[in-house]
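Trainee: I would like to learn how to read a helix and a contact surface. Where do we begin?

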Amino acid sequence: MSFSSFVFLIRFLPVALVLYYLFPHKGRNALLVLLSLFFYTWGDPKSLPALLLIAAVGYGASLYVSKDRKGRKAVFLCGLLLILGSLGFYKYLGFFVSILNSMILEHFGVGITVRSFAAPLGISFFAFTTSGYLIDVYKGDTEVCKNPIDYLLFIAFFPKLLMGPIVRYQDISDQIQNRVIYVSQLENGAFRFVKGLAKKVLLADTIAVLWNEVSTLGYSEVSTPFAWLGVLAYSFQLYYDFSGYSDMAIGLGNLFGFRIPENFRFPYSSISATEFWRRWHITMGSWFKQYVYFPLGGSRCSKKRMMFNTFAVWALTGLWHGAAWNFILWGIFYFILLMLEKNFYLEFLNKHRLIGHIYTIFITLIGWSIFAVSDFPSLFSLLQKMFSFSGGIRCLYSLRNYFVLLLLCAVFCTETCEVLVEKLQKKTWFRLAATVILLVLSIAYMTDATYQPFLYAQF
Amino acid sequence: MIKRIPTFVVLFLCLFAMMILSIVLPKQTYSENENKYLASLPDFSLRSFGNSSFETKYSTYLSDQLPGRGTWISAKSVAETFLLKTENNGIAYGKDGYMFPKFQSYDEDTYRDNLESIHDLTQVASSPVRLLVVPSAYTVLTDYVPDSLPCIDEKAALADGISVLNGVQIVDTWSALQDAQHDYIYYRTDHHWTTYGAYLAYLEYCEEADLEPVKVDFSTAGTATGFLGTSYSKCKRVRTIADTISYFPFDATLTFDGKTYPSIYDFTKLTTRDKYAMFLYGNHAESVVESGDGNGKRGSLLIIKDSYADSVIPFLSNNYATITCIDPRYYLGSIQELAKGDYDDILLLLGFENLSSEGTWVKLSF
């Protein structure tokens, strides 16, 4: 279930909190596991076995490889293959088969059809969590978790199960085994959760309408400024959707006594693509760095090899976001930019911050347009529109309609604003007022989203 | 004092209170405003849980029965005003209290299929067929529409579309309506045209069909005030100017579902939200308006229509003794067979949005 749903807000969460704090300390982990599995099952009942199976493989393999046993490496590789293989099977099989068909088999007049399976909810996240953990145990970077309940809580803890942040076991193991809950943590958690909810419901979902409008009208029909405005709206939508979700996850974690790592640090304030990727979806970036880039040799190798390593990381990063060519293209787009920056102008950008900001906003918008549109003809017509300076449906009305919202979106993603909010939220009156007001507004917008008066019968 | 109130307790109490209220408060069954039956608590079974249908229904149940649902929705409309939005839920706010549903896309295939079906119908019809397409308010009320509202160009799309039709006489109402755009020809809060707008279209039709139009004086028309239409229902704008419905008490009877009514107006609808349904008692598969023979009247008209026609038909009852009204969305018989019948004229009257987006008009091929 989504955090921004009534099932979660006025059923699951209050019940979970009551149960949790009434429960004796000893049983709380088990309770959280049960709650998490229920949470998962509600959203995707058919995939619970897949989640449990992947978790079980990780559990068994990590236990085995934690000691110096015979066939340790083989078990490790098998485990890893099973976990990442199931991710590949569910998410990418159809995509790869279609590539195979169109590139090779079609020329011989044959084709393979596969039954496509709906990917289990959140598989990209929990498969990464599990495989990362297995690698850490294998390499001795972390202790193995012997207690199956504690282990399952680490994998499936509901605040971060579906959309991250991707947590490493060593970051959270202390809290799983023994956590002290401070009032200040609960205070932060409550505010953080509502802040995330508001980001998602009040900003992401409302600005999304503008981008949808551009898509509906057609990329070739709108004017060039309208196309840019649409992509800007989409960029805000992505940021507030995802960082709002991370805020909610971190806030919920706090409410249950956990500290989940940060995932976003005002990425749109960056002055280079390099910096952007240190601030956007941080836990995913470090997963790729930790488990792909470094094992391949990282930067401590020849320049050619380093280029290849970086390329591999970014092609995979792209692919991780979805099984389609545009995501791979988007990954490669960032690979090229990062290479260019590293070799040519990163220094310059660091010195000329204003240029850096403008440059980063510009490339981010282009990046998100590639990310947004999955079919190539449409993507091409969007990019063509963005760079052809041509007319079409004018954006004046939409600009006038959305300018306050756009302004709010622009202000709230800056570092200055975040720092200010952090400072203010230390004051009780602010925290209290902001929480109540944002909650009320969010519920109003959530209710309205379900409001579809059935009026067509009147035509 | 305020320093001692913990935020997490307040948050918890808010959510907990909402939960309790949503459990104990009595459930509503019907929402007049939304024109739908509200969801009730779904039955649980492992099967329905396993295929997610229980979860979906339960979510709908929760949001449908949310305590203070109407208030929350209005609150959102107010919040949008504070954001200086010029629209809400797809309804753009124009000048002078006008509300315009944004019409941004239609399915080309559906549109073409509908037009071809109209063409098919003309081929088999035994009487002359005329087509009157009602433009959406935003294309006509150009002085009231917000500047450069991004909507499709209906006029061009229609001109494109009807170029493939032959054998159909087009009743063009566009310029007549546009010339009168300051004369309250569309409702402010509803997508329909007003009785005056309908009358202007009626005049155009009479000219095309060579009929003597009835002369009416709008200052003596009956009126019903306080009409808040479909656009209002969607956007719930805070300061809304309610509409007034005009009607003329022509002498005609209405028959549908095997029952005959002495008037073509259903005045009981004026106490409900959907006041426009007073015309011809709302939507029916088939209804017949009879007004007796008279001076220079033609015998019969077959009108295949949507609800825009409901406010035109009263005027037409002065020119035809019998008007058979068919709403293809509900009519289950063969419309082609009907069109082969013995009518003096056949009229297709529908809104452009309907013609371009609703699949039901392909029934004209059958």
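Mentor: Begin with burial: a residue is buried if 20 or more other C-beta atoms lie within 10 Å of its own, and exposed if 12 or fewer do. Keep in mind that this is a predicted model.

Trainee: Which residues are buried in H5(B)?

Mentor: In H5(B), the buried residues are B:Tyr111, B:Asn114, B:Leu115, B:Ser117, B:Ile118, B:Leu121 and B:Thr122. They lie on the same side of H5(B), because they cover an arc of only 155° around the axis. On the other side of H5(B), B:Glu108, B:Asp109 and B:Gln123 are exposed.

Trainee: What covers the buried residues of H5(B)?

Mentor: The cover includes strands S6 (129-134), S7 (168-170) and S15 (345-351) of chain B, along with helices H7 (154-162), H12 (335-339) and H13 (352-357) of chain B.

Trainee: What span should the 17 residues of helix H5 of chain B have?

Mentor: At 1.5 Å a residue, helix H5 (residues 108-124) of chain B should span 24 Å, and its end C-alpha atoms are 25 Å apart, which agrees.

Trainee: Now the chains. How many residues of chain B are in contact with chain A?

Mentor: For chain B the number is 56, in contact with 52 residues of chain A. On the side of chain B that touches chain A, H1(B) gives the most, with 11 residues. That side divides into 26 nonpolar, 18 polar and 12 charged residues.

Trainee: What does the domain assignment give for chain A?

Mentor: It gives domain 1 (6-179) and domain 2 (185-449). Between these domains of chain A, 23 residues of domain 1 are in contact with 21 residues of domain 2.

Conventions
Residues are numbered from 1 along each chain as its sequence is written. Chains are lettered from A and ligands numbered from 1 in the order in which they are written. This is a predicted model: local features need pLDDT of at least 70, side-chain atom pairs count only at pLDDT 80 or more; totals for chains, interfaces and linings use all residues. Helices (H or I, at least four residues) and strands (E, at least two) are DSSP runs, numbered from the N terminus. The expected span of a helix is 1.5 Å times one less than its number of residues. The arc is that of the directions from the helix axis to the C-beta atoms. Two residues are in contact if their C-beta atoms, placed from the backbone, lie within 7 Å. Ala, Val, Leu, Ile, Met, Phe, Trp, Tyr, Cys and Pro count as nonpolar, Asp, Glu, Lys and Arg as charged, and the others, Gly among them, as polar. Domain bounds come from an automatic or database domain assignment.
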